[in-house]
Amino acid sequence: TDDEVAFAYTVTGTHQGELMGFAPTGRSVSFRGMQISRFEDDRMVERWGSSDQMGMLAQLGIEPRQSGAS
């Protein structure tokens with residue numbers, strides 16, 4: 001509809017600061033994502049999206065932690 005916007009994007013960068021509790025690796029990453037936003041009266045009122053966070057973590061050599069795991 002006329003009140004929705006969708007776009008795909010690519011994030012590129014270098015891991016230079018703490019991320020999710022992990023120390024900087026100095027590694028470069030590039031991963032894709034997408035977002036859909038809905039507007040009312042020129043204001044964003046809803047937003048949905050997804051990005052390849054597992055791909056990002058793999059590029060950084062980071063193993064995701066499972067909650068509740070010991």
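Two strands count as paired if DSSP finds at least two bridges between them. Helices (H or I, at least four residues) and strands (E, at least two) are DSSP runs, numbered from the N terminus.

This is a predicted model: local features need pLDDT of at least 70, side-chain atom pairs count only at pLDDT 80 or more, and totals for chains, interfaces and linings use all residues. Residues are numbered from 1 along each chain as its sequence is written, and side-chain values use heavy atoms, with hydrogens and water left out.

**Whole chain.** Show the protein chain as a cartoon. The C-alpha trace spans about 45 × 30 × 20 Å along its principal axes. The radius of gyration is 16 Å, whereas a compact globule of 70 residues would have one near 11 Å. That radius is taken over C-alpha atoms, and the globule rule is 2.2 Å times the number of residues to the power 0.38. Of the 70 residues, 19% count as buried (under 20% relative accessible area; exposed is over 50%, partly exposed in between; 1.4 Å probe, protein chains only).

**The sheet.** Select the three strands. They form an open, antiparallel sheet in the order β1-β2-β3. β1 (4-14) and β3 (43-51) are the edges; each has a single partner strand, so one side of each is left without a neighbour in the sheet. From one strand to the next, the twist averages 25°. Axes are lines fitted to C-alpha atoms, for helices over the stretch in contact, and angles run from 0 to 180 degrees between N-to-C directions.

Now take β2 (residues 28-40) with β3. Eight bridges join them in the antiparallel sense. Find Ile-36: opposite stands Trp-48 in β3.

**Arg-38.** Stay in β2 and select Arg-38. Is Arg-38 buried or exposed? Arg-38 is buried, at 18% relative accessible area. Its side chain makes a polar contact with that of Glu-40 (2.7 Å). Such a contact is a pair of N or O atoms within 3.5 Å; within protein, one must be able to donate a hydrogen and the other to accept it, and residues adjacent in sequence count only if both atoms are side-chain atoms. Leaving aside residues up to four places away in sequence, Arg-38 touches Asp-3, Glu-4, Arg-43, Met-44, Val-45, Glu-46 and Trp-48 (contact: heavy atoms within 4.5 Å).

**The helix.** Finish with α1 (residues 53-60). It lies across β2 and β3, at about 160° to β2. Colour its buried residues: Gly-55, Met-56, Leu-57 and Leu-60. Their cover includes β2. Gly-61 follows α1, with a positive phi near 75°.
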